[in-house]
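Hi,

Here is the structure I promised to pass on. Have a look at it first, and then read on for what turned up.

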Amino acid sequence: MGGDNEAFMTIEIRRGFYNDCRIYGSIRKWYHGALSENDLRWEEFIEAIENLERILELPEKSLYKWNISRIEVGLGAKTPYDSTYVTTQIVGFKRSSYKIGDYEGYRKFATKSQDRIAKIYDKKTEIRKKIGLIKSIEESDFIERTKSLNIFRPEFIVQKGKANVRKDIGVETIGDIVAHYPRLLAYFLRQIKYFQFKGNSDLEFNPTKGNIKEFTDYLLNVAINYLGAVGIRNVISQLAPNYKSDARRKIKKLRVDTEVNNPIKKDVIRALRNQSIDLFRRKTL
């Protein structure tokens, strides 16, 4: 099924012991177009589902009963900072089970089982990647229009079964999303608070005794505030077992400045909250 700008929804019908039909793809990209930076409003989601039913020649609201085994919730925000810089400033996710990974155009935090994933996209980098793949005047115009934008886009994925989706977001079917769309955005706004940003890596060295311990503590403090709490835990995990507990005790005595006081984090969260306001409402309200 082709949407605008070659954004596809994939339908898979399986025959066998369990007969089922599955739909994959981004409903946002299918509705707005693959190159659109627009987020999906509540009423637009409802219209997209109705369009999908008509194309599949299904009875009205029959898709409402379909279960959701994977859901991705994301918002784009134009921040007062360069989006590439913001992405590099995120060093952790405030849950010990999430591990960090760097990829071209985005940074990813995921649990070992990959059932929960947090991604941060730098849309400028993503747009640059498209420059060599231009196929139409429309795409060329889009890249020219948006390559100067600072769009920072976090996305959160819950997958591997409807039980996981129900537990984290409180929805189980497509009909639940139609009825409780704000739950997706409430989940998103809760999750962005877990991002950890770099602390102040330009800490001043102010010794009182002038000894080596003060110097090494200063260097360790700089490293902690650069790597963040998650990053420093990953480093400690590489130590020999006998030294891990001593390292953790030493870390607890030093300040890890990757919390809510970070000014960039405050501005990013404010921009994402502002972006979400209209999506909570219907245009007709």
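**What was found**

Lys78 has Ile151 as its bridge partner in strand 9.

The mean pLDDT of the protein chain is 79, and 78% of the residues score at least 70. Confidence is highest in helix 7 (residues 174-179), at a mean of 94, and lowest in helix 5 (residues 137-146), at 59. Where pLDDT is low, the predicted coordinates should not be read in detail.

**Strand 9 and its partners**

Which strands pair with strand 9? Strand 4 (residues 77-78) does, running antiparallel to strand 9 and joined to it by two bridges. Strand 3 (residues 71-74) is also antiparallel to strand 9, with four bridges joining them; here Glu72 sits opposite Ile157. Then there is strand 8 (residues 116-122), which pairs with strand 9 in the antiparallel sense over seven bridges. Within that pairing, Ala118 has Phe156 as its bridge partner.

Is strand 9 mostly covered or mostly open? Mostly covered: eight of its eight residues are buried. In a regular strand the side chains alternate between the two faces of the sheet. You can follow this along strand 9, where Ile151, Arg153, Glu155 and Ile157 point one way while Phe152, Pro154, Phe156 and Val158 point the other. Both sets are buried, charged Arg153 and Glu155 included.

**Salt bridges**

Side chains of opposite charge can pair when their charged atoms come close. How many salt bridges does the structure have? The count comes to twelve. A few of them are worth a look:

- Asp39 and Arg153 meet through their side chains, at 2.8 Å from N to O. This pair links distant parts of the chain, 114 residues apart: Asp39 is in the loop between helix 1 (27-32) and helix 2 (42-56), and Arg153 is in strand 9 (residues 151-158). Asp39 has a relative accessible area of 7% and Arg153 one of 5%; both values are under 20%, so both residues count as buried.
- Arg166 and Glu172 form a salt bridge at 3.4 Å, N to O. Arg166 is partly exposed, at 38% relative accessible area, and Glu172 is partly exposed too, at 23%.
- Asp246 and Arg249 form a salt bridge at 2.1 Å, N to O. They are three residues apart in helix 10 (residues 241-252), so about one helical turn separates them. Asp246 is partly exposed, with a relative accessible area of 39%.
- Arg14, Asp20 and Arg22 are linked by salt bridges into a network.

**A hairpin**

What do strand 1 and strand 2 form together? They make a hairpin, with five residues between them. Strand 1 (residues 10-14) and strand 2 (residues 20-24) are antiparallel, with five bridges in their pairing. One example is Ile13, whose bridge partner in strand 2 is Cys21. If you look into the turn, Gly16 has a positive phi of about 150 degrees.

**Aromatic rings**

There are eleven aromatic pairs in the structure. In one of them, the ring centres of Phe93 and Phe156 are 6.3 Å apart and the planes are at 45 degrees, so the pair counts as tilted. Phe93 belongs to strand 5 (residues 90-93) and Phe156 to strand 9, which makes this another link between distant parts of the chain, 63 residues apart. Phe93 is buried, at 0% relative accessible area, and Phe156 is buried as well, at 2%. These two rings are also part of a cluster, in which ring pairs link Phe93, Phe109, Phe156, Phe188, Tyr194 and Phe195.

Which residues make the nonpolar surface patch? Phe205, Phe215 and Leu219 do, and the patch covers about 260 Å². Phe215 lies in helix 9 (residues 212-236). With a relative accessibility of 36%, Phe215 counts as partly exposed.

Cheers

Technical notes: Residues are numbered from 1 along each chain as its sequence is written. This is a predicted model: local features need pLDDT of at least 70, side-chain atom pairs count only at pLDDT 80 or more; totals for chains, interfaces and linings use all residues. Side-chain values use heavy atoms; hydrogens and water are left out. A salt bridge is a side-chain nitrogen of Lys or Arg within 4 Å of a carboxyl oxygen of Asp or Glu. Buried means under 20% relative accessible area, exposed over 50%, partly exposed in between (1.4 Å probe, protein chains only). Patches are made of residues with over 30% relative accessible area and no salt bridge: like charges are joined within 9 Å, nonpolar side chains (Val, Leu, Ile, Met, Phe, Trp, Tyr) within 5 Å. Accessible areas come from the Shrake-Rupley method with a 1.4 Å probe; for residues, only the protein chains shown count as cover. Two strands pair if DSSP finds at least two bridges between them. pLDDT is the predictor's confidence in each residue, from 0 to 100. Rings of Phe, Tyr and Trp (its six-membered ring) pair if their centres lie within 6.5 Å; planes under 30 degrees apart count as stacked, over 60 as edge-to-face and the rest as tilted.
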